[in-house]
Amino acid sequence: LAGVSAGAICWFEQGITDSVWPLGVVEGLGFLKGSFCPHFDSETERPAAYRDKIDQGLIQPGLALEDFAAAHYVDGKLEKVIVSEGKKGFYLDADKTTEIEGVVY
């Protein structure tokens, strides 16, 4: 599976999208558990919107990636985050935001 932005959101159970404005929640195909938020660094409103929706229980905890970062899943589990220099991935749940150390390519 592969995709960028909405093309990545679709594989998860839920995602944050600007196709529903203001940033809203969409249901995905559910091949990957949890939620996904792309453009975590390039669209300044996304981190707060994602955090707020998780805190309010409107979306499941999940993965957020900055632009030029990718997630590699094996058998439905996150294997690694692949990033360009200086880019990051994060896991957000109800209690915290955890940076995921990426493999730089």
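These are my notebook entries on what I looked up in the structure above.

**Ground rules**

I am working from a predicted model, in which local features need pLDDT of at least 70 and side-chain atom pairs count only at pLDDT 80 or more, while totals for chains, interfaces and linings use all residues. Residues are numbered from 1 along each chain as its sequence is written, and side-chain values use heavy atoms, with hydrogens and water left out.

**Entry 1: the whole protein**

I began with the secondary structure, where helices (H or I, at least four residues) and strands (E, at least two) are DSSP runs numbered from the N terminus. The protein has two helices and nine strands, and along the sequence they follow the pattern α-β-β-β-α-β-β-β-β-β-β.

Next I looked up the overall dimensions, and found that the C-alpha atoms fill a box of roughly 35 × 25 × 25 Å along the principal axes. The radius of gyration, taken over C-alpha atoms, is compared with a globule rule of 2.2 Å times the number of residues to the power 0.38. For 105 residues a compact globule would come out near 13 Å, and the protein has 12 Å, which agrees.

For burial I used relative accessible area: buried means under 20%, exposed over 50%, and partly exposed in between, with a 1.4 Å probe and protein chains only. By that rule, buried residues make up 35% of the 105 residues. I also looked at contacts (heavy atoms within 4.5 Å); of those with a separation of 6 or more, 39% join residues 24 or more positions apart.

**Entry 2: the nonpolar cores**

A nonpolar core is a set of buried Ala, Val, Leu, Ile, Met, Phe, Trp, Tyr and Cys residues joined through side-chain atoms within 4.5 Å. The largest one holds twelve residues, including Trp-11, Phe-12, Phe-36, Ala-69, Val-81 and Val-83. Helix α1 (6-9) and strands β3, β4 and β6 (77-83) each supply at least two residues of this core. Apart from it lies another core, of eleven residues, among them Leu-23, Phe-40, Ala-49 and Ile-59.

I then followed Ala-69, which, leaving aside neighbours within four places in sequence, is in contact with Ile-82, Val-83 and Lys-88.

**Entry 3: the aromatic pairs**

Rings of Phe, Tyr and Trp (its six-membered ring) pair if their centres lie within 6.5 Å; planes under 30 degrees apart count as stacked, over 60 as edge-to-face and the rest as tilted. A search of the whole structure finds five such pairs.

Phe-12 and Phe-36 form a stacked pair, with 5.1 Å from centre to centre and 10° between the planes. This pair links distant parts of the chain, since Phe-12 sits in strand β1 and Phe-36 in strand β3, 24 residues apart. Phe-12 counts as buried because its relative accessibility is 4%, and Phe-36 is also buried, with a relative accessible area of 4%.

Phe-40 and Tyr-50 form an edge-to-face pair, with 6.5 Å between centres and 80° between planes. Phe-40 lies in the loop between β3 and α2 and Tyr-50 in helix α2, so the pair ties together parts ten residues apart in sequence. Phe-40 is buried at 11% relative accessibility, and Tyr-50 is buried at 0%. I also found that ring pairs link Phe-12, Phe-36 and Tyr-73 into a cluster.

**Entry 4: helix α2 and Arg-46**

Which residues of helix α2 (residues 46-55) are buried? I listed Arg-46, Ala-49, Tyr-50, Arg-51, Lys-53 and Ile-54, and these pack against β1, β2, β3, β4, β7 and β8. The helix is followed by Gly-57, whose phi is positive, near 75°.

Arg-46 is buried, with a relative accessible area of 1%. Its side chain reaches the backbone oxygen of Ile-16 at 3.1 Å. The side chain of Arg-46 also makes a polar contact with the side chain of Glu-43 (2.6 Å); a polar contact is a pair of N or O atoms within 3.5 Å, where, within protein, one must be able to donate a hydrogen and the other to accept it, and residues adjacent in sequence count only if both atoms are side-chain atoms.

**Entry 5: Gly-102**

Last, I looked up Gly-102, which is found in strand β9 (residues 102-104). Gly-102 counts as partly exposed, at 27% relative accessibility. Leaving aside neighbours within four places in sequence, Gly-102 is in contact with Val-81 and Val-83.
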